[in-house]
Amino acid sequence: MGYHIDLESYSIDDYKHLLKSTRLIPSWKILLDNIDENTEAIKKQGVKNLGTLLKALKDKDLLQKFSRQSGIPEPYLVVLRRMVKGYLTKPRRIKDFPETSETVINKLGKVGIKNTRHLFDRIKTVKSRAQLSKETGVNEKDLVRLAKLTDLSRIRWVNHTFAYVLYEAGFDTVAKMTRTDPEVLYEKVKKLNAERNVYSAHIGLNDMKMLVESAKMISLDMELNHMGQ
């Protein structure tokens, strides 16, 4: 698979069911308006999955054309495009992860690795991490930590700070996130932040539910269950 969610593997119908089961924030609730009719109108345009949908709406002209042809209002399509595009998470800079040493940052930087996208293919497997360790002089323990932070950073809404929080709270891989109870996640993260004051934003139970659902959309590419990892 790859760093990002494979949008073409998620059908328009699957996404409709996801939206219906998610407690959306106010600015996203427009997507529930006539959702069944809009879903059928999208499919009638030959769009069957999220990847194709994003291509069909990728710029203003195409979005307006799609609106005219499908009968779906432009404001609805603008929000829909923003929602789908949001799954293509931005790479996070290695130097921004808390408690990452300057030595590690500099050694990785010398071989052109400065963010999680650069790092992803170099640390997915036990073998690739061993090779990168040999090439850069970064020990494998540090690379396993960065592999886990990189993995978590693939989840929508998870930036470098929150990846660190999840890691420290024990939810240190995408695989673990997919199996966790959102209420347990919420309580443990809230407790950790109360103790350390890592972030100031309010992150509620519904946010945790959305994180878990987003994690379930990500391919489990990282080999992180070997040798106690």
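## Where H7 meets H8

Let's start with a pair of helices. Leu-119, Asp-121, Arg-122 and Ile-123 in H7 touch Ser-128, Arg-129, Leu-132 and Glu-135 in H8, where contact means heavy atoms within 4.5 Å. Sorted by class, this contact has three nonpolar, one polar and four charged residues. The classes work like this: Ala, Val, Leu, Ile, Met, Phe, Trp, Tyr, Cys and Pro are nonpolar, Asp, Glu, Lys and Arg are charged, and the others, Gly among them, are polar.

H7 covers residues 116–123 and H8 covers residues 126–136; they pack at an angle of about 115 degrees, with axes 7 Å apart. Helices (H or I, at least four residues) are DSSP runs numbered from the N terminus, and axes are lines fitted to C-alpha atoms over the stretch in contact, with angles from 0 to 180 degrees between N-to-C directions. H7 and H8 are therefore roughly perpendicular to each other (under 35 degrees counts as roughly parallel, over 145 as roughly antiparallel, 65 to 115 as roughly perpendicular and the rest as oblique).

## What kind of model this is

This is a predicted model, in which local features need pLDDT of at least 70 and side-chain atom pairs count only at pLDDT 80 or more, while totals for chains, interfaces and linings use all residues. Residues are numbered from 1 along each chain as its sequence is written, and side-chain values use heavy atoms, leaving out hydrogens and water.

How do H1 and H2 lie relative to each other? The axes of H1 (residues 12–21) and H2 (residues 35–44) come within 10 Å and cross at roughly 160 degrees, and the two helices are therefore roughly antiparallel. On the H1 side, the contact uses Ile-12, Asp-13, Lys-16, Leu-19 and Lys-20, and on the H2 side Ile-35, Asp-36, Thr-39, Glu-40, Ile-42 and Lys-43. These split into four nonpolar, one polar and six charged residues.

Zoom in on Asp-13, which sits in H1. Leaving aside neighbours within four places in sequence, Asp-13 touches Thr-39, Glu-40 and Lys-43. Asp-13 counts as partly exposed because its relative accessibility is 26% (buried means under 20% relative accessible area, exposed over 50%, partly exposed in between, using a 1.4 Å probe and protein chains only). Asp-13 and Val-79 are 66 residues apart in sequence, and their C-alpha atoms are 17 Å apart in space.

In the loop between H1 and H2 you'll find Asn-34. Asn-34 has a positive phi of about 50 degrees, although it is not a glycine.

The axes of H9 (residues 140–153) and H10 (residues 160–168) come within 9 Å and cross at roughly 120 degrees. H9 passes H10 in a right-handed crossing. Arg-145, Lys-148, Leu-149, Leu-152 and Ser-153 of H9 meet Ala-163, Tyr-164, Leu-166 and Tyr-167 of H10. That contact has six nonpolar, one polar and two charged residues.

The loop between H9 and H10 holds Trp-157, another residue with a positive phi, about 75 degrees, although it is not a glycine. Trp-157 is partly exposed because its relative accessible area is 37%.

## An aromatic pair

How many aromatic pairs does the structure hold? There are four, counting rings of Phe, Tyr and Trp (its six-membered ring) whose centres lie within 6.5 Å, with planes under 30 degrees apart called stacked, over 60 edge-to-face and the rest tilted. One of them is Phe-162 with Tyr-199, an edge-to-face pair at 5.8 Å centre to centre and 70 degrees between the planes. This pair links distant parts of the chain, 37 residues apart: Phe-162 is in H10, and Tyr-199 is in the loop between H12 (182–196) and H13. Both Phe-162 and Tyr-199 are buried.

## H13 and the segment after it

Which residues of H13 are buried? They are Asn-206, Met-208, Met-210, Leu-211, Val-212, Ser-214 and Ala-215. Their cover includes H10, H11 (174–179) and H12.

After H13 (205–215) comes a segment that holds Leu-224 and also Met-217. Leu-224 counts as buried because its relative accessible area is 3%, and its C-alpha lies 7.9 Å from that of Thr-173, 51 residues away in sequence. Met-217 is buried too, at 7% relative accessibility. Beyond its neighbours within four places in sequence, Met-217 touches Ile-5, Tyr-10, Leu-18, Leu-50 and Tyr-87.

Technical notes: A crossing is left-handed if the near helix is turned anticlockwise from the far one by less than a right angle, and right-handed if clockwise.
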